[in-house]
Amino acid sequence: MAHKHFIVTMEEDIDHDQAANVLAAKTAVMKDAVTVFELDQETDEADVLGIQESGIYIKAMGEDEAETLRHDERVAEVTEDIEVYALGEGRGQAADVALEDVESGDSVDPYIEGYNQALADMSDCCETYQADASARFRPPPFRPRPIPGRPVCPPGTRPVLECKPIPRPPVPERRQPIPWGIAMVKADQVWHRVTGRGVKVAVIDTGIDEDHPDLTVSGGASFVPGVSSWDDDQGHGTHCAGIAGARNNPLGVVGVAPECEFHAVKVLAGNGSGQLSWILAGMGWCVRNNMDVASMSLGSDVTDPNVGCITAYQRAARNLERSGCVVVAAAGNAGRGNNHWVGQPARCPGFLAVAAVDRNRRKANFSSWGPPDLSRLSGVEIAAPGVSIRSTLPGGGYGQKSGTSMACPHVSGAAALLKQLRPTWTPARIRNHLKATASDLGAPGFDPELGAGLLDCRRAVLG
């Protein structure tokens with residue numbers, strides 16, 4: 001009989017030893033290694049890997065055994081180890097992110113690079129000269145006519161009783177342009193007060209480019225079988241990280257919380273997909289390593305508006321919340337279809353679900369929403385920019401992507417700002433405050449498409 005991996009979530013009062021008896025197997029507590037998940041290798045049916053703090057276990061078994069466990073009163077849920085995707089705007093469920101206008105340190109056209117540099121240099125120029133078609137020349141420097149009794153001073157000085165340097169206004173340090181999404185959520189208006197400094201933000205995704213000059217990553221872990229490095233081999237996680245906290249420097253872009261402390265939790269492979277078990281393992285790592293914010297721009301669609309939250313997701317999110325971590329998730333990109341419902345895990349109460357809006361503050365047509373009767377903690381709760389968002393890419397580059405994946409890290413960065421400002425606030429209080437200070441959009445009041453409205457960092461921090 002063919003065996004598949006299943007996620008078994010125990011009831012609250014079942015401890016690790018009791019779980020081993022229920023599963024009729026010797027259990028191993030999951031740490032950072034997940035090679036047991038490799039389905040292309042021989043799997044010992046007696047081996048069970050457990051995320052002990054969550055009461056969640058991963059076991060290879062047949063459908064009959066899984067069905068038997070579903071009827072065990074000590075078991076809360078048995079679900080197949082489903083595939084999970086990076087959520088970009090594209091083909092709905094496994095939506096690859098639309099990529100436009102990519103720039104890389106290795107591939108920039110020298111002409112464009114020179115042209116852009118020339119435009120930048122013009123801001124520092126005090127005078128310009130014209131040249132005819134046959135030659136370029138610079139007119140001779142202006143030399144003032146001597147005045148009796150007044151000294152003749154060299155350029156850059158002026159006569160008083162003696163030659164004094166001409167004071168020049170200070171040249172402001174050049175900074176990169178503020179991306180439109182950062183400006184729309186008014187993050188740049190609070191950096192004089194908070195920047196996310198010291199707040200640990202976990203990007204649970206495809207990893208983060210460890211060499212990008214606009215990102216500083218403090219560490220991380222990989223939960224993709226056979227991949228030991230948390231470095232990004234796909235691009236999605238690096239783009240999300242830049243939105244949450246690209247550094248405020250002369251390079252490229254700047255994020256919502258430009259001094260937050262990034263941790264790369266790699267749970268999606270180079271094709272942008274992973275397994276539910278990998279994501280749960282990554283969330284467990286965040287608990288053990290005391291993350292303050294978990295940004296999760298991933299998920300899977302649902303075909304039934306009334307489908308329940310996957311219990312394992314909720315249990316993992318609850319443990320993160322108890323450890324002091326705010327958990328933020330993309331609502332999904334099924335908005336164009338008939339099954340436009342908020343996906344997993346965003347529909348779980350433990351996740352702050354984020355919808356996407358465009359430059360006109362309208363809901364992006366791909367952004368998942370509803371059904372309207374979902375509770376306020378299970379549907380869309382807040383909205384943020386998610387269309388043509390420019391951010392960091394692997395290889396030191398920059399580019400535009402769209403999706404609720406891009407909306408999610410705007411809110412994650414805002415949570416980091418609040419965490420720095422109010423370090424004693426619980427995740428629930430931070431979550432409620434972000435919604436209470438959002439700018440109402442769409443239908444008046446809380447609505448199933450945009451929740452409380454558009455994220456407003458200025459009101460959240462200074463209001």
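Among contacts in the protein chain between residues at least 6 apart in sequence, 76% join residues at least 24 apart, a contact being heavy atoms within 4.5 Å. The model is predicted: local features need pLDDT of at least 70, side-chain atom pairs count only at pLDDT 80 or more, and totals for chains, interfaces and linings use all residues. Residues are numbered from 1 along each chain as its sequence is written, and side-chain values use heavy atoms, with hydrogens and water left out.

**Overall figures**

The protein chain has 463 residues, of which 53% count as buried. Buried stands for under 20% relative accessible area, exposed for over 50%, and partly exposed for values in between (1.4 Å probe, protein chains only). The accessible surface of the chain comes to about 21,400 Å², and carbon and sulfur atoms account for 50% of that surface. These areas come from the Shrake-Rupley method with a 1.4 Å probe; for residues, only the protein chains shown count as cover. The chain contains 10 helices and 20 strands, taken as DSSP runs (H or I of at least four residues for helices, E of at least two for strands) and numbered from the N terminus.

Strand β19 (residues 389–393) pairs with β20 in the antiparallel sense over 5 bridges; two strands pair if DSSP finds at least two bridges between them. T392 has Y398 of β20 as its bridge partner. The two strands form a hairpin with 3 residues between them, and G395 in the turn has a positive phi of about 85°.

In strand β20 (residues 397–401), 5 of the 5 residues are buried, so the strand is largely enclosed by the rest of the structure. Side chains in a regular strand alternate between the two faces of the sheet. Both faces of β20 are covered, with buried G397, G399 and K401 on one side and buried Y398 and Q400 on the other.

**Helices α5 and α8**

Helix α5 is mostly covered, with 10 of its 10 residues buried. Among them are G237, T238, A241, G242 and G245. The axes of α5 (residues 236–245) and α8 (residues 404–421) come within 7 Å and cross at roughly 40°. That angle makes α5 oblique to α8, since angles under 35 degrees count as roughly parallel, over 145 as roughly antiparallel, 65 to 115 as roughly perpendicular and the rest as oblique. Axes are lines fitted to C-alpha atoms, for helices over the stretch in contact, and angles run from 0 to 180 degrees between N-to-C directions. The residues that make the contact are listed below.

| Helix | Residue range | Contact residues |
|---|---|---|
| α5 | residues 236–245 | H236, H239, C240, I243, A244 |
| α8 | residues 404–421 | S405, M406, P409, H410, G413 |

**The three-stranded sheet**

An open sheet of 3 strands has the order β13-β6-β15, with antiparallel pairing. β13 (273–275) and β15 (298–299) stand at the edges with a single partner strand each, so one side of each is left without a neighbour in the sheet. Strand β6 (residues 83–86) pairs with β15 over 2 bridges, and A86 has L298 of β15 as its bridge partner. Helix α6 (residues 276–288) lies across β6, β13 and β15 and runs at about 80° to β13.

**T311**

T311 is in helix α7 (residues 311–322) and is partly exposed, with a relative accessible area of 25%. Not counting residues up to four places away in sequence, T311 touches T9, A76 and E77. T311 and V78 lie 233 residues apart in sequence and 8.9 Å apart in space, C-alpha to C-alpha.
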